[in-house]
Amino acid sequence: MAASVSYRYSIRLAGLSDIDDIVRLTKSLAIFSGRPVDTLQTAAELGENLSSWYQCLVLEYKASAEASPEIVGYTLWTYNYYSAVGRYASMSEIFIDPSHRGRGGGLGLMQGIAEISRKKGCNELRWLMLDSNEEAKTFYNKMNAEHQYDTIGLVPMHLTILDLIHLAERKLRIEHNL
């Protein structure tokens, strides 16, 4: 008779001791999404900004009661404000190790953000998704998520760090007292 394996997943807020695992998973996400790995934040930068700039939940997996938990997924988010909706949570990343997908971890992470965000008075959760990620589309559609561009006409925009530096250093005729 084959031994039965008990799979156990749990979700909790990340701490500084989790940073190396978060870095490992952010590298996996970058590879999955075709982003360069060498531009990612370092463990020191992620650790310095945990809780002050972003929130993070981790998904832990334990194969047995004796096994040490292993972090197999995470999500990062921040809080923002928009006059049309008030406070909202902005999820920047969610990633589950491919070998642990389809077992409820992604939904658990999303529920965690929803619970924490509602306690903070948020009215919405927003995020970006790779248009080519069919697995993500299916996952979010099951939650009844709407494509923001389709519903309110907003187009996601960004400035890279080099463009941000250039803009900040640009000489203008308007004096800033910042």
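In the predicted model, Cys 122 has a relative accessible area of 3% and is therefore classed as buried. Cys 56 is likewise assigned to the buried class, because its relative accessibility is 1%. Both values fall in the buried range, since that class is defined by a relative accessible area under 20%. With a disulfide taken as a pair of cysteine sulfur atoms within 2.5 Å, the count for the model comes to 0 disulfides.

Helix 3 spans residues 105–119 and comprises 15 residues. The distance from its first C-alpha to its last is 21 Å, close to the 21 Å expected at 1.5 Å a residue. Buried positions in this helix include four glycines, namely Gly 105, Gly 106, Gly 108 and Gly 112. Leu 109, Met 110, Ile 113 and Ser 117 of helix 3 are buried as well. The packing partners of the buried residues of helix 3 are strand 1 (8–13), strand 2 (55–62), strand 3 (70–82), strand 4 (86–96) and strand 5 (124–127), together with helix 4 (134–142). Gly 121, which follows helix 3, adopts a positive phi, near 85°.

A nonpolar patch is found on the surface, formed by Ile 161, Leu 162, Leu 164 and Ile 165. Together, these four side chains contribute about 410 Å² of accessible area. Ile 161 belongs to helix 6, which covers residues 161–169. The relative accessibility of Ile 161 is 57%, so this residue counts as exposed, the cut-off for that class being over 50%.

Technical notes. Residues numbered from 1 in each chain as written. Predicted model: local features only at pLDDT ≥ 70, side-chain atom pairs only at ≥ 80, totals over all residues. Heavy atoms only, no water. Patch = residues over 30% accessible without salt bridge, like charges linked within 9 Å, V, L, I, M, F, W, Y side chains within 5 Å. Areas by Shrake-Rupley, 256 points an atom, 1.4 Å probe, with all protein chains shown as cover. Helix = DSSP H or I, 4+ residues; strand = E, 2+ residues; numbered from the N terminus. Buried < 20%, exposed > 50% of the residue type's maximum accessible area, 1.4 Å probe, protein only. Expected span 1.5 Å × (residues − 1). Contact = heavy atoms within 4.5 Å.
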